[in-house]
Amino acid sequence: MDYAAYEPGATAVTSALAIKILIAGGFGVGKTTMVGTISEIRPLHTEELLSERGVGVDDVSGVEAKSTTTVALDFGRITIREGLWLYLFGTPGQDRFWFMWDELALGALGAVVLADTRRLQDSFPAVDYFEQRGIPFVVGVNCFDGARRHDPAKVRRALGLTALIPIVLCDVRDRASVRDVLTTLVTYAVEGAGHGMP
Amino acid sequence: MTGQDPGPLIRLYGLTGGRARPQGDSFDLVAIVTTVGGPHTLADLIPEYRAVLSVCRRPTPVADVAAHLRLPLNVTRVILGDLRREGFVTIERPRPVAQTIDEHIYREVLDGLRSL
């Protein structure tokens, strides 16, 4: 693609690319913290206003049919170089915003499913979602202060994960730890692509 | 986040005439937006629209346009849809991940992450 340099000093950029990585997991598991720890910009927290058409079938008893609702969306950015960025999107926690996941997941490099060992069941929906769509994901077990450090093998069994899916113990407040989770994901995604995954 | 007073958002949507969805083909949250060269008649544009054209002289992802403008993504996308319809910006079409991320890009991303 050709972008004409129409003003002095404007560089002709042939291809700019922004890559999405999703950060999923249950409410309060540390998604926003993880984005904030690694993002070079303060994570943008936006409240999206959704029309009732977008929300679909929903329990809005007592509310008019033309109702609107808001959904919080956080994202952060890592610049790899001029014209190549990674965007981390914290997925909305509520199940009724699945349709928004579809949009976020389209074209995504992969996902991190954050898990809290005290509430592993909260991670099931995200695991199911990415498995069904063939989106590469890794599981990050957030080791909160005071939380018992779990054996990754137990987490794997509890979540019903195949042996291939990486499980990383992490601290979402620690930059090096978050970086390790992301490099694990990218490595896994490229290997998967090499093996003919979708 | 539901059940809270949506007052400020409602005001924001005044910018878009109450529209929550952009016109025309859909585009991704990280689709690259580029201001199209040439003299525009900008006098009629409101400041938010002009700000987009300024930011997107450098190809910029949709999400970043929203960050610059400090506007919700939905509102930003409506503005971008309007600007595209008027021929002020181009927005890349969504492409499958396999077509956009090749091994070279993966390598660059990995190296970039490791140097953080």
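A: Read along the sequence, chain A of this predicted model follows the pattern β-α-β-α-β-β-α-β-α-β-α-β-α. Its secondary structure comes to 6 helices and 7 strands. Of the 198 residues in chain A, 51% are buried. Among the contacts in chain A between residues at least 6 apart in sequence, 70% join residues at least 24 apart.

Over all chains, the structure holds 7 aromatic pairs. One of them is formed by Trp101(A) and Tyr129(A): the ring centres are 5.1 Å apart and the planes stand at 70°, so the pair is edge-to-face. The cut-off behind that word is an angle over 60 degrees between the planes. Trp101(A) belongs to helix α3 (residues 98-105) of chain A, and Tyr129(A) to helix α4 (residues 124-133) of chain A, so the pair ties together parts that are 28 residues apart in sequence. Both Trp101(A) and Tyr129(A) are buried.

Tyr129(A) has a further ring partner, Phe130(A). Here the centres lie 5.3 Å apart and the planes are at 90°, so this pair too is edge-to-face. Phe130(A) is buried, as is Tyr129(A). Ring pairs link Trp101(A), Tyr129(A), Phe130(A) and Phe137(A) into a cluster. A charged residue also meets one of these rings: Arg133(A) lies over the face of Tyr129(A), at 3.7 Å from the ring centre.

For comparison, here is a part of chain B, beginning with a helix. In helix α2 (residues 47-55) of chain B, the residues Tyr49(B), Val52(B) and Leu53(B) are buried. Seen down the axis of α2(B), the buried residues fall within an arc of 95°, so they line one face of the helix.

On the side of α3(B), the residues in contact are Val62(B), Ala63(B), Val65(B) and Ala66(B), and they meet Leu73(B), Thr76(B), Arg77(B) and Leu80(B) in α4(B).

The loops next to these helices hold two residues to look at. Arg70(B) is found in the loop between α3 and α4 of chain B. Its phi is near 55°, a positive value in a residue other than glycine. With a relative accessibility of 71%, Arg70(B) counts as exposed. Gly87(B), in turn, has its place in the loop between α4 and β3 of chain B. Gly87(B) is partly exposed, at a relative accessible area of 36%. The C-alpha atoms of Gly87(B) and Gly37(B) are separated by 9.9 Å, while the two residues are 50 residues apart along the chain.

Technical notes
Residues are numbered from 1 along each chain as its sequence is written. Chains are lettered from A and ligands numbered from 1 in the order in which they are written. This is a predicted model: local features need pLDDT of at least 70, side-chain atom pairs count only at pLDDT 80 or more; totals for chains, interfaces and linings use all residues. Side-chain values use heavy atoms; hydrogens and water are left out. Buried means under 20% relative accessible area, exposed over 50%, partly exposed in between (1.4 Å probe, protein chains only). Helices (H or I, at least four residues) and strands (E, at least two) are DSSP runs, numbered from the N terminus. The arc is that of the directions from the helix axis to the C-beta atoms. Rings of Phe, Tyr and Trp (its six-membered ring) pair if their centres lie within 6.5 Å; planes under 30 degrees apart count as stacked, over 60 as edge-to-face and the rest as tilted. A charge sits over a ring if NZ of Lys or CZ of Arg is within 6 Å of the ring centre and within 35 degrees of the ring normal. Contact means heavy atoms within 4.5 Å.
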